[in-house]
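Hi everyone, thanks for making time for this. I'll walk you through one model today, so please keep the viewer open while I talk.

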Amino acid sequence: MAHFREFFDTPYIGVWDLGGRDRVATITKVTSGAVGGQQGKKEAKKAIVHTREFDKPFCCNVTNATTIAGMYGADTREWVGKRITLFPTTTEFARKTVDCIRVRPTIPRGEPEHVGSRPVDREVREKQDRAAGRAESPGAPIAAATTPNELLAAIGACAAWITADHERIWPRVLKRCEELGLDEQSAVLAIAEAQKGAAQ
């Protein structure tokens with residue numbers, strides 16, 4: 001389903017660009033920018049985070065910048081080359097509940113499990129999900145996979161979920177396969193093997 005906001009030009013990535021799931025992005029540079037200034041509102045200075053995976057930059061507020069700093073340090077020059085996980089959620093703004101993007105406070109897979117001498121607190125992610133009322137999707141392993149082998153394992157683990165709603169879910173699985181360079185036939189075989197194992 002295409003979100004209506006995708007049809008309009010926007011200078012920064014929005015919730016609709018995440019496709020309703022976590023997206024891992026690699027920081028390429030961090031600049032400063034003034035955001036807002038419309039309808040009589042004063043412009044606000046923000047950190048503008050550019051990433052390899054998105055054509056548009058991420059407008060990073062204090063909340064998200066603090067989260068990134070908690071993982072990689074306060075010096076934004078040290079953020080370059082590091083990976084962050086963006087996820088869609090909601091927040092309260094002007095007495096209304098609005099969509100927003102937040103940064104997971106955990107380092108994505110494939111990154112060091114320690115920042116300096118401080119271990120990554122994996123419980124923070126679960127607490128953040130619960131606070132936002134987000135239950136983990138049955139397809140979370142597929143979204144979290146970062147290599148073809150991880151994706152194959154995730155597809156096998158989620159085989160029952162995929163086949164239960166194949167028409168809706170399979171296109172999403174194929175999109176992940178394309179993103180990680182995994183061919184469709186391998187994905188089909190992973191499901192077949194999982195089903196065969198479950199039947200034994």
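Some housekeeping next. This is a predicted model, so local features need pLDDT of at least 70 and side-chain atom pairs count only at pLDDT 80 or more, while totals for chains, interfaces and linings use all residues. Residues are numbered from 1 along each chain as its sequence is written, and side-chain values use heavy atoms, with hydrogens and water left out.

Now the overview. The protein chain has seven helices and seven strands. Reading from the N terminus, the order of elements is β-β-β-α-β-β-β-β-α-α-α-α-α-α. Of the 200 residues in the protein chain, 32% are buried; buried here means under 20% relative accessible area, with exposed over 50% and partly exposed in between, using a 1.4 Å probe and protein chains only. I'll also talk about contacts, meaning heavy atoms within 4.5 Å. Among contacts in the protein chain with a separation of 6 or more, 52% are between residues 24 or more positions apart.

On to the sheet. Strands of a sheet pair through backbone hydrogen bonds, either parallel or antiparallel. What is the strand order in the open sheet of five strands? It is 3-2-1-4-5, and the pairing is antiparallel. At the edges sit strand 3 (58–60) and strand 5, each pairing on one side only. From one strand to the next, the twist averages 35°.

Let's go through some of the pairs. Strand 1 and strand 2 (residues 44–51) run antiparallel and are joined by eight bridges. Strand 2 and strand 3 make a hairpin with six residues between them.

At the other end of the order, strand 4 (residues 83–93) and strand 5 (residues 96–103) are antiparallel and joined by eight bridges. F87 stands opposite R102 in strand 5. This pair is a hairpin too, with two residues between the strands, and A94 in the turn has a positive phi of about 50°.

Beyond neighbours within four places in sequence, G33 is in contact with A44, K45, K46 and I48. G33 and A47 are 14 residues apart along the chain, and their C-alpha atoms are separated by 6.4 Å.

Next, R23, which is also found in strand 1. Is this arginine buried or exposed? R23 counts as buried, because its relative accessibility is 17%. Not counting residues up to four places away in sequence, R23 touches D17, L18, F54, I84, T85 and L86. R23 and T85 are 62 residues apart in sequence, yet 5.5 Å apart in space, C-alpha to C-alpha.

Then there is G14, in the segment before strand 1. G14 has 7% relative accessibility and therefore counts as buried. Its C-alpha is 8.1 Å from that of F58, which is 44 residues away in sequence.

Finally, the helices. Helix 1 (residues 62–72) lies across strand 1 (23–35), strand 3, strand 4 and strand 5, and runs at about 25° to strand 5. Axes are lines fitted to C-alpha atoms, for helices over the stretch in contact, and angles run from 0 to 180 degrees between N-to-C directions.

Helix 4 (residues 148–157) and helix 6 (residues 166–180) pack at about 165°, with their axes 10 Å apart. The two are therefore roughly antiparallel to each other; under 35 degrees counts as roughly parallel, over 145 as roughly antiparallel, 65 to 115 as roughly perpendicular and the rest as oblique. P148, L151 and I155 of helix 4 meet V173, R176, C177 and L180 of helix 6 in this contact.

That's my tour, and I'm happy to take questions!

Methods:
Two strands pair if DSSP finds at least two bridges between them. Helices (H or I, at least four residues) and strands (E, at least two) are DSSP runs, numbered from the N terminus.
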